[in-house]
Every structure is written in C-alpha cells, then in structure tokens.
Amino acid sequence: MVYFLVERTVALPLGEAWRRVTCWARHGEVVPVTRVRVVTPGPTGEGTVFVARSGLGPLAFDDPMEVTVWVPPTEETPGRCRVEKRGRVLTGWAELEVRPGPGGRSRVVWREDLTVRFVPALFDPVLARASRWIFGRAVNRLLRGV
C-alpha cells in the first residue's frame, strides 16, 4: 500500500480550482499514457463513475473509479471529494480538498492511498515517489488549465 500527498496553492478562486481538479476527462490529458472516460451522465456528484485506461498495448489496464463523497467548496467551507478505486489492478482511494489559501488564493490537497496488485511491497517506496511526482505534475497542469 502506498500513501502520498500533493499540495498546491494557486491564484484561482475556490470554485475554479475545484472545477479544474474535478474535471475527470481532463485527467486523461495530463496523466501520461492515460485516457479517461466518464461512464455516468453529468453533472459530477456522488455516484459518478469514470474509468482511466492506463498503459500501452497489452500492458494497458482499466482503473474504474466512483465518486463517493462530493462536497463543493463554499466561501465558508472547503470542498471535498473522495474517489474509490475499484479495479483489478489498482485499488484504494483518492481525496481532493480545495480550501481558502493565503491572500485570496486556493489551497489544493490531493491525498491518495494506492495498492497495486501483483507488485510486491518491497517496491512501495519507489511507487510512492513516482506517484507523488506524476500526480504532482498532473495537478500542476490541471490547475494551470494546460
């Protein structure tokens, strides 16, 4: 099991930061060798299901996920989203939080607990560093709107 944390402070209003990090289809544009398909009709909320297909050729696999907590931010409360990973290869969860930051900015926190089946625990430290780097870059690109 691998746990990692990514935190960013951005010059965006809360609602815009939230919209950017919870636009599931865009995740496929910013995570390497990954495509994302939203299965359920919008708008996003509890029960939304999406599938990330990661990898190349015969090494590709599906990572089905479901939104189990959906609380958009308000001026008084942080936004919080929890996604449960329900695949045969990847299991675990991810939590996204968007809250007020210093100077009218937004603070984005991404926490993830990830298990990769068939990968021995010996590789957890390497997997944690790689995941933090990959998802850190993805969050940066999502927040920049790139």
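Reader: How many helices and strands does the secondary structure of the chain come to, and which residues have the most contacts inside the largest nonpolar core?

Author: This is a predicted model, in which local features need pLDDT of at least 70 and side-chain atom pairs count only at pLDDT 80 or more, while totals for chains, interfaces and linings use all residues. Residues are numbered from 1 along each chain as its sequence is written, and side-chain values use heavy atoms, with hydrogens and water left out.

The chain has three helices and seven strands, where helices (H or I, at least four residues) and strands (E, at least two) are DSSP runs numbered from the N terminus. Read from the N terminus, the order of these elements is β-α-α-β-β-β-β-β-β-α. The radius of gyration, taken over C-alpha atoms, is 15 Å, close to the 15 Å that the globule rule (2.2 Å times the number of residues to the power 0.38) gives for 146 residues, so the chain is as compact as a globular protein of that length.

Of the 146 residues, 45% are buried, a word that here means under 20% relative accessible area, with exposed being over 50% and partly exposed in between (1.4 Å probe, protein chains only). The largest nonpolar core has 27 residues, and those with the most contacts inside it are W24, C81, W110 and L143; such a core is a set of buried Ala, Val, Leu, Ile, Met, Phe, Trp, Tyr and Cys residues joined through side-chain atoms within 4.5 Å. Two or more residues of this core come from each of β1 (2–10), α1 (14–21), β3 (49–54), β4 (61–71), β5 (79–86), β6 (90–100), β7 (106–116) and α3 (124–144).

W110 shows how these parts meet, for, leaving aside residues up to four places away in sequence, W110 touches F4, L5, V6, H27, A94, E95, L96, F135 and V139, a contact being heavy atoms within 4.5 Å. Across the chain, 48% of the contacts with a separation of 6 or more are between residues 24 or more positions apart.

Turning to the loops, F118 lies between β7 and α3 and has a positive phi of about 75° although it is not a glycine; at 76% relative accessibility, F118 counts as exposed. In the loop between β2 (34–38) and β3 is P43, which is joined to G42 by a cis peptide bond with omega about 0°. Most residues other than glycine have a negative phi, and most peptide bonds are trans.
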